[in-house]
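Please keep the sequence and the model at hand while reading.

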Amino acid sequence: MNDMLLTLVEQNLPPLPDTVIKLRDYIDEKGSKIEIKGVVDIISKDPLATANLLKTANSAYYGFSQEISTINQVIALLGIENVKNIVMADSLRSRIKINVSPYGLDTNLFIGNCSKEVDFISNWLNEEDRKLSQTLIPCAMLLRLGMILFSSVLIKSKKDKEFREALKANDFKNIALIEQEFFGVDHISFLAYCFDHWKFDEILIQTVVYAINPHSAPPSIKKKAYALAITNRIFEPYEGGNDYNTNEALALVKEAAQQDVVFDEKNLIKHISNFSHNLPTNN
């Protein structure tokens, strides 16, 4: 682990709130003996966690036709593991200050594009695999977390200009290469480390691990990894939605089909078209 990454891990990873830790540990420790009442009791004692969970469950991400007003309803509709992942993702998003200037990106546009990534996963997959969509939404909510955390360390260590110049010298292409030069890891791979550190559901950890090389994923993870890889390609931070990235995403669909992982290509193209014209170029 290089010095920059060590600094990030030791000093800049945000801690989870007490309620989230209690919820995570309760679910993990109880296993098959878990009681819904226990989950509800932990969340309901935290008004902010309760409000955020209900807000997310009622958002367009999940597309439920009726308003969800209780934690019990959320659990019945999404399952305990999904609820745990949502609560964890919500808590992290609300605790992190975002400034991605080291990447030469406009922070407000970046935040908007992060929201579009979640919208895209929801709109695209809800039409063909609702369960897959529900599983991946917490992943999509935090997909660019590594960029945010990398930026924070770069600014604090006064290496932000050096990093930005390295990106510029590479024409803002293949940002993973520059991230690896500075941190020894790219931001997607680092997200997998973070998920493991915070003890997210193992399925989500493995999904992110294989999002870079989904063809290598085990069968139980493969479709999830391909879906995240496709989203990552379409919403590439600098040229999201352009023809090159769209074609790369469609190539992943064809590659997945060769491994018996099937996506509706016409449905994907429709949703890419809906989002791509709203993705500004950043640099």
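This is a predicted model: local features need pLDDT of at least 70, side-chain atom pairs count only at pLDDT 80 or more; totals for chains, interfaces and linings use all residues.

Asn245 belongs to helix H15, which covers residues 243–257. Leaving aside residues up to four places away in sequence, the residues that Asn245 touches are Arg233, Glu236, Glu239 and Gly240. Pro138 stands 107 residues from Asn245 in sequence, and the two C-alpha atoms are 23 Å apart in space.

## The annotated domain

An unreviewed UniProt entry places the feature "domain: HDOD" at residues 13–214. In the model, the span of residues 13–214 is 69% helix and 0% strand, and its end C-alpha atoms lie 27 Å apart.

Helix H3 runs over residues 36–44, and the residues buried in it are Gly38, Val39, Val40, Ile42 and Ile43. Among the elements that cover these buried residues of H3 are helix H2 (18–30), helix H4 (47–57), helix H5 (71–78) and H6.

In helix H13, made up of residues 202–209, Leu204, Ile205, Thr207 and Val208 are buried. Viewed down the axis of H13, the buried residues fall within an arc of 160 degrees, so they line one face of the helix. The cover over the buried residues of H13 includes helix H6 (80–95), H8, helix H12 (187–198) and H14.

## Salt bridges

How many salt bridges does the model contain? The count comes to nine, and several of them can be described individually. Lys223 forms a salt bridge with Asp129, with the closest N and O atoms 3.6 Å apart. This pair links distant parts of the chain, since Lys223 is in helix H14 (residues 219–234) whereas Asp129 is in the loop between helix H7 (107–126) and helix H8 (130–141), 94 residues apart. Lys223 has a relative accessible area of 24% and is partly exposed, and Asp129, with a relative accessible area of 21%, is also partly exposed.

Asp25 forms a salt bridge with Arg24, in which the closest N and O atoms are 3.1 Å apart. Glu162 is partly exposed at 47% relative accessibility, and Lys159 is partly exposed at 31%.

## Aromatic pairs and a charge over a ring

The structure holds 11 aromatic pairs. In one of them, the ring centres of Phe120 and Trp124 are 5.5 Å apart and the ring planes meet at 35 degrees, so the pair is tilted. Phe120 and Trp124 are separated by about one helical turn because they are four residues apart in helix H7, and both of them are buried. Another pair is formed by Phe172 and Tyr238, whose ring centres are 5.1 Å apart and whose planes are at 50 degrees, so this pair is tilted too. Phe172 is in the loop between helix H10 (160–169) and helix H11 (175–183), and Tyr238 is in the loop between H14 and H15, so that the pair links distant parts of the chain, 66 residues apart. Phe172 counts as buried at 13% relative accessibility, and Tyr238 counts as buried at 0%.

Ring pairs also link Phe120, Trp124, Phe235 and Phe263 into a cluster. Which ring has Lys223 lying over its face? That ring belongs to Phe263, and Lys223 is at 5.2 Å from the ring centre.

Notes:
Residues are numbered from 1 along each chain as its sequence is written. Side-chain values use heavy atoms; hydrogens and water are left out. Helices (H or I, at least four residues) and strands (E, at least two) are DSSP runs, numbered from the N terminus. Contact means heavy atoms within 4.5 Å. UniProt positions are given in the numbering used here, feature names are shortened, and annotations may be inferred rather than shown by experiment. A salt bridge is a side-chain nitrogen of Lys or Arg within 4 Å of a carboxyl oxygen of Asp or Glu. Buried means under 20% relative accessible area, exposed over 50%, partly exposed in between (1.4 Å probe, protein chains only). Rings of Phe, Tyr and Trp (its six-membered ring) pair if their centres lie within 6.5 Å; planes under 30 degrees apart count as stacked, over 60 as edge-to-face and the rest as tilted. A charge sits over a ring if NZ of Lys or CZ of Arg is within 6 Å of the ring centre and within 35 degrees of the ring normal. The arc is that of the directions from the helix axis to the C-beta atoms.
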